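Here is a set of questions and answers on rings, strands and cavities. Keep the structure open while you read.

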Amino acid sequence: MAGVRSLLLLLLLLLVVQSSCVGVRSPLAVLKRFKETTRTFSDECLGTTRPVIPIDSSDFALDIRMPGVTPKQSDTYFCMSMRLPTDEEAFVIDFKPRASMDTVHHMLLFGCNMPSSTGSYWYCDEGTCIDKANILYAWARNAPPTRLPEGVGFRVGGETGSKYFVLQVHYGDISAFRDNHKDCSGVSLHLTRLPQPLIAGMYLMMSVDTVIPAGEKVVNSDISCHYKKYPMHVFAYRVHTHHLGKVVSGYRVRNEQWTLIGRQSPQLPQAFYPVEHPVDVSFGDILAARCVFTGEGRTEATHIGGTSSDEMCNLYIMYYMEAKHAVSFMTCTQNVAPDMFRTIPPEANIPIPVKSDMVMMHGHHKETDSKDKTSLLQQPKREEEDVLEQDFHVEEALDWPGVYLLPGQVSGVALDPKNNLVIFHRGDHIWDGNSFDSKFVYQQRGLGPIEEDTILVIDPNNATVLQSSGKNLFYLPHGLSVDKDGNYWVTDVALHQVFKLDPNRKEGPLLVLGRSMQPGSDQNHFCQPTDVAVDPGTGTIFVSDGYCNSRIMQFSPSGNFITQWGEESSGRNPKPGQFSIPHSLALVPHLNQLCVADRENGRIQCFKTDTKEFVQEIKHASFGRNVFAISYVSGLLFAVNGKPYFGDQEPVQGFVMNFSSGEIIDIFKPVRKHFDMPHDITASADGTVYVGDAHTNTVWKFTSAEKMEHRSVKKAGIEAQEIKESEAVVETKMENNPASSELQKIQEKQKLIKEPDSGVPVVLITTLLVIPVVVLLAIAIFIRWKKSRAFGDSDHKLEASSGRVLGKLRGKGGGGLNLGNFFASRKGYSRKGFDRLSTEGSDHEKDEEDGSESEEEYSAPLPAPTTSSS
């Protein structure tokens with residue numbers, strides 16, 4: 001009898017252990033209707049298999065992914081749906097894309113009440129939603145996450161919001177699927193049940209009847225509608241075309257005045273970009289958009305359609321409205337004011353050049369499909385631009401001793417053909433309030449020229465001075481550049497002159513422009529010239545002139561005057577070609593552009609070097625009031641701003657921008673010392689950056705560094721190696737939200753559930769750990785039973801002994817087996833992983849597209865700049 005009782009006890013023990021491993025109960029019981037526990041993913045898919053993840057008492061995350069699909073032909077549109085796990089009203093406040101451009105052409109996320117299918121996924125040709133589909137989010141080409149401003153959210157659930165999310169994934173070119181791997185691309189959402197005072201929405205402007213004739217060089221597609229709703233506040237935009245789109249621009253037109261909402265190349269990453277300045281749209285305004293196409297390379301007319309050989313002209317405008325007046329989605333597919341486009345700003349007609357390897361892949365590769373060869377000839381060659389990856393990042397080289405050189409006021413830095421650093425400094429001379437009179441004549445001539453070498457050539461590795469020159473030549477050095485032959489081009493604001501110097505020649509300058517100590521504004525005089533740029537192809541000389549003239553001057557290689565352009569700006573909204581101290585120049589030779597740091601206007605202006613035509617303006621609120629210096633290399637534009645004025649918020653810092661889009665991709669500051677007046681900047685092709693400061697007499701070196709938050713994406717899609725937990729399903733605000741520690745626990749447990757490389761389930765791990773313990777327990781119980789029989793103990797002693805064993809397993813309070821407490825009481829065991837888990841379980845962009853939810857943080861523009869000098 002005792003033996004049978006022991007066997008029953010062992011069987012009961014095994015059943016209890018098994019139930020503790022697989023019978024995980026979730027605290028998300030408040031999400032009553034959601035009973036899904038797990039989803040089956042291919043082993044090739046990473047990420048959680050549990051689509052709902054709690055964050056705190058009010059917030060949760062949804063992981064919406066394709067369930068391991070393999071498209072068999074190009075231009076495949078797959079859709080899948082997920083029900084909102086609560087009937088209560090909720091708000092989407094964050095989106096995180098989970099896709100790679102190598103696999104996915106673009107993704108759209110819709111909200112609706114009845115998806116077109118109830119299957120795990122379906123062809124979107126069958127439809128997206130039975131009822132109206134509101135577009136919430138759009139992504140393409142490794143776009144960054146979209147974050148909404150504080151207090152803004154897309155409304156879902158409740159009585160009026162969508163009950164389902166429908167994900168549409170367009171697999172354009174399927175060459176990445178030759179290995180028949182399975183794809184789990186998608187998007188992760190962060191939702192909250194806390195009411196948001198401002199509701200986000202989407203306004204879609206879309207052409208439905210554009211025809212692009214074959215071979216036509218320029219074709220405009222215009223869209224315009226009257227706005228007749230409560231005020232909306234625009235904070236982000238996204239453009240979308242296929243191969244033939246060159247530029248898409250959107251405007252608010254009020255009283256015949258055009259205000260830019262956004263302008264972008266559709267061949268760049270099609271993310272939601274912040275508007276340069278917040279734009280409000282009120283009743284009676286007109287919203288207008290223009291897409292510029294080319295028909296070159298086509299053998300037949302191109303129409304609007306859903307395949308990669310068709311075209312699209314879409315502008316998505318993301319806005320927010322007061323909750324009581326909110327409309328989640330609006331569309332415009334007409335052109336109600338065609339005559340108005342005669343006065344559209346010229347910038348809307350200027351294509352934005354993009355390097356070929358940055359071009360969006362719109363479906364087929366040019367060589368993949370025979371049908372493309374008949375309708376789509378080789379695309380016209382694009383202007384080259386070497387654009388580095390979006391995660392480019394620089395940090396101070398802390399082991400570089402050059403920061404302690406301490407020359408005089410550093411006014412210029414450049415790199416020579418050997419990649420040595422060249423510094424132009426002022427020795428013991430200082431530019432202060434006593435340096436010039438009211439007519440800009442230098443007042444300290446009696447000091448004589450600077451008696452020490454003002455040009456230093458520095459070893460970029462150890463900061464050794466390799467060569468020095470420039471003694472007894474200059475009074476107040478300013479700009480420095482080095483041409484392709486290694487000649488130095490410098491300006492002196494006291495002399496009002498420009499000099500060309502051979503570093504190996506001691507006889508004097510090779511060329512001098514301007515009249516010594518004579519400020520002026522004609523063809524033969526400068527007034528405090530600031531910088532020089534020399535075209536490496538033609539030898540043409542460009543001079544920015546300067547502090548008291550607001551112009552750019554052009555000279556032949558021999559120094560003959562050719563032309564000039566520019567005028568002094570006035571007011572808060574300077575026009576293109578107007579300057580307030582053109583302070584620094586940067587040539588973009590392969591695009592035939594010259595960019596100017598328009599210092600006191602806090603912006604960068606770029607012009608065609610041949611026609612002097614304005615091309616683009618780059619201006620960001622984070623620049624503050626000034627842009628002191630710029631440098632261009634390999635598709636990146638580097639800049640430094642000025643010291644903030646009293647009451648200003650933006651700090652003095654360095655910027656790295658994508659030249660094509662103008663978007664800031666990195667911001668940097670020194671660790672040793674600090675920027676006070678960073679006066680010049682130069683960068684090399686390998687990403688090394690040097691900054692010279694005129695107030696701290698310092699030169700810093702910054703080098704390219706990998707960001708901590710990176711991921712390596714495999715060719716075939718979503719397989720990613722994630723650093724620590726930074727790419728968890730939802731990145732919560734750890735500093736501001738104490739409850740987010742719960743998410744940390746969840747993430748740790750998820751990591752134990754499935755390591756990225758092993759994929760071993762928790763049941764198997766737990767079973768392997770528990771089996772030896774069970775065996776040991778069985779042996780101990782059997783030995784004790786044998787001993788009790790040998791000494792004639794009664795049956796109730798065995799039961800009492802067994803009760804003590806189970807009592808230890810149950811822990812102090814009893815009430816169920818707790819492996820965490822049991823193993824925690826045994827030395828060498830961790831309870832991690834044994835606590836109860838807090839987890840639970842084509843529309844082709846035609847006119848039916850709708851929109852409704854997303855997010856992003858942007859700062860308001862600063863007040864108009866005031867003038868400072870140096």
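Q: How many aromatic pairs does the count come to?
A: The model is predicted. Rings of Phe, Tyr and Trp pair if their centres lie within 6.5 Å. By this rule the count comes to 28 aromatic pairs.

Q: Which geometry does the pair of Tyr171 and Phe177 have, stacked or edge-to-face?
A: The ring centres of Tyr171 and Phe177 are 5.7 Å apart. Planes over 60 degrees apart count as edge-to-face. The planes of Tyr171 and Phe177 stand at 85°, so this pair is edge-to-face.

Q: Is Phe177 buried or exposed?
A: Buried means under 20% relative accessible area. Tyr171, its ring partner, has 0% and is buried. Phe177 has a relative accessibility of 4%, so Phe177 counts as buried.

Q: What is the geometry of the aromatic pair that Phe542 and Trp565 form?
A: Centre to centre, Phe542 and Trp565 are 6.4 Å apart. The angle between their planes is 80°. Over 60 degrees is the cut-off that applies. The pair of Phe542 and Trp565 is edge-to-face.

Q: Which strands hold Phe542 and Trp565?
A: Phe542 and Trp565 are both buried. They are 23 residues apart, and the pair links distant parts of the chain. Phe542 is in strand E33 (residues 541-545), and Trp565 is in strand E35 (residues 561-565).

Q: What stands opposite Ser544 in E34?
A: E33 and E34 form a hairpin with five residues between them. The two strands run antiparallel, joined by five bridges. At Ser544, the residue opposite in E34 is Ile552.

Q: Which residue in E35 is the bridge partner of Gln554?
A: E34 and E35 also form a hairpin, with five residues between them. In its turn, Gly559 has a positive phi of about 100°. The strands pair in the antiparallel sense over four bridges. The partner of Gln554 in E35 is Thr563.

Q: Which residues of E34 are buried on its two faces?
A: Strand E34 (residues 551-555) is mostly covered, with five of its five residues buried. Both faces are covered. One side has Arg551, Met553 and Phe555, and the other has Ile552 and Gln554.

Q: Which residue in E6 is the bridge partner of Cys79?
A: Strand E3 (residues 76-83) and E6 pair over two bridges. Their sense is antiparallel. The partner of Cys79 in E6 is Trp122.

Q: Which residues form one aromatic cluster with Tyr171 and Phe177?
A: Tyr171 and Phe177 pair edge-to-face. Both belong to one aromatic cluster.

Q: Which residue lies over the face of Tyr645?
A: A charge sits over a ring if CZ of Arg is within 6 Å of the ring centre and within 35 degrees of the ring normal. Here the distance from the ring centre of Tyr645 is 4.8 Å. The residue over the face is Arg625.

Q: Which lining residues lie nearest the centre of the largest cavity?
A: The largest cavity holds about 80 Å³ of space. Eleven residues line this cavity. By class they are six nonpolar, three polar and two charged. Nearest the centre lie Ile352, Pro353, Val615, Gln616 and Ser660.

Notes: Residues are numbered from 1 along each chain as its sequence is written. This is a predicted model: local features need pLDDT of at least 70, side-chain atom pairs count only at pLDDT 80 or more; totals for chains, interfaces and linings use all residues. Side-chain values use heavy atoms; hydrogens and water are left out. Rings of Phe, Tyr and Trp (its six-membered ring) pair if their centres lie within 6.5 Å; planes under 30 degrees apart count as stacked, over 60 as edge-to-face and the rest as tilted. Buried means under 20% relative accessible area, exposed over 50%, partly exposed in between (1.4 Å probe, protein chains only). On a 1 Å grid over the protein atoms alone, a cavity is a set of points where a 1.4 Å probe fits but cannot get out, and a pocket is an open set with protein on both sides within 12 Å along at least five of seven lines; lining residues have an atom within 4 Å of a point. Grid points are joined across faces, edges and corners, and a volume is the space filled by probe spheres set on the points. Ala, Val, Leu, Ile, Met, Phe, Trp, Tyr, Cys and Pro count as nonpolar, Asp, Glu, Lys and Arg as charged, and the others, Gly among them, as polar. Two strands pair if DSSP finds at least two bridges between them.
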